[in-house]
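Thanks for coming. I have one structure to go through this morning, so let me put it on the screen.

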Amino acid sequence: KFLLKNPTFQILYWSFFICGVTTTGAIETHFLPYAAFCGFPPVPASGVYGAIMAINLAGMFLSGWLTDRVNRPLLLGSIYIVRSFSFLVLMQVGTSYEMLLIFAVIYGVFDYSTVPPTASLAASQLGLKIMGLAMGLITGGHALGGALGSFMGGYLFDLFARYTEMWWAAFGTAVLAGIMVFFLKEDRPQKGLILASA
């Protein structure tokens, strides 16, 4: 009950739900079909997809490093907002392999990078004693969002015979997630206070 009534949990849950829509749902399910739809052969398309996953590694490290040093709601919200703009790039790909690579770089950096600040905020604002349950539920929300995004992409493609509507939906929901997270407050003590209390 504590978690369900906690505004911080609700924001983290629904923002991570949206994260699932725009990652597992939109890109991990529909990127390769979209690339084929644009006319890219399997090997170049899968190469770009592999690049996204590799760039994810750098994004995770950078996000983790920043999570320990900057305002976490601002960081997390900014990640969602920048990710949203990557979908605008994706809509401009056409037959340009260079644009596909540009998308891979932008999206890759801001893909899994939501995890460190989300986990850090859950730990500090919801408590370490229930962090396991909190992150389990939040991650479950990500899975549900992924399921919705996967279905929505296929449904919209069947309806319109294109991916434009799906990418606009991903853009809009990512912006919404960013705005939601901006309402969280940074509750981390200043370093001086930590040293004084030690």
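This is a predicted model: local features need pLDDT of at least 70, side-chain atom pairs count only at pLDDT 80 or more; totals for chains, interfaces and linings use all residues.

Start with Cys 38: its relative accessibility is 15%, so it counts as buried, the cut-off being under 20%. How many disulfides does the structure hold? The number is 0. For reference, a disulfide is a covalent bond between the sulfur atoms of two cysteines.

Next, helix 2, which runs over residues 7-25. It has 19 residues, and at 1.5 Å a residue it should span 27 Å; the C-alpha atoms at its ends are 25 Å apart, which agrees. Of those 19 residues, 15 are buried, so the helix is mostly covered, taking buried as under 20% relative accessible area. At the start of helix 2, Asn 6 places a side-chain oxygen within 2.8 Å of the backbone nitrogen of Thr 8.

Now the nonpolar interior. In soluble globular proteins, nonpolar side chains tend to be buried together. Here the largest nonpolar core has 26 residues, and Ile 27, Phe 31, Phe 87, Leu 90, Phe 103 and Trp 167 are those with the most contacts inside it. Two or more residues each come from helix 3 (27-37), helix 4 (42-67), helix 5, helix 6 (97-109) and helix 9 (164-182). Take Ile 27: leaving aside neighbours within four places in sequence, it is in contact with Thr 22, Tyr 49, Phe 87, Leu 90, Phe 103, Tyr 107 and Trp 167. There is also a second, separate core of 23 residues, which includes Ile 11, Phe 16, Val 21 and Tyr 80.

On to the aromatics. The whole structure has 18 aromatic pairs. One of them is Tyr 163 with Trp 167: the ring centres are 5.6 Å apart and the planes are at 20 degrees, so the pair is stacked. Are these two buried or exposed? Tyr 163 is at 6% relative accessibility and counts as buried; Trp 167, at 1%, counts as buried too. Both belong to one aromatic cluster, whose members include Phe 31, Tyr 34, Phe 37 and Tyr 49.

Last, Leu 75, in helix 5 (residues 72-90). Leu 75 is buried, at 12% relative accessible area. Not counting residues up to four places away in sequence, it touches Ser 63, Leu 66, Thr 67, Val 70 and Pro 117. Thr 118 is 43 residues from Leu 75 along the chain, and their C-alpha atoms are separated by 10.0 Å.

That is what I have; questions are welcome.

Key
Residues are numbered from 1 along each chain as its sequence is written. Side-chain values use heavy atoms; hydrogens and water are left out. Helices (H or I, at least four residues) and strands (E, at least two) are DSSP runs, numbered from the N terminus. The expected span of a helix is 1.5 Å times one less than its number of residues. Buried means under 20% relative accessible area, exposed over 50%, partly exposed in between (1.4 Å probe, protein chains only). A polar contact is a pair of N or O atoms within 3.5 Å; within protein, one must be able to donate a hydrogen and the other to accept it, and residues adjacent in sequence count only if both atoms are side-chain atoms. Rings of Phe, Tyr and Trp (its six-membered ring) pair if their centres lie within 6.5 Å; planes under 30 degrees apart count as stacked, over 60 as edge-to-face and the rest as tilted. A disulfide is a pair of cysteine sulfur atoms within 2.5 Å. Contact means heavy atoms within 4.5 Å. A nonpolar core is a set of buried Ala, Val, Leu, Ile, Met, Phe, Trp, Tyr and Cys residues joined through side-chain atoms within 4.5 Å.
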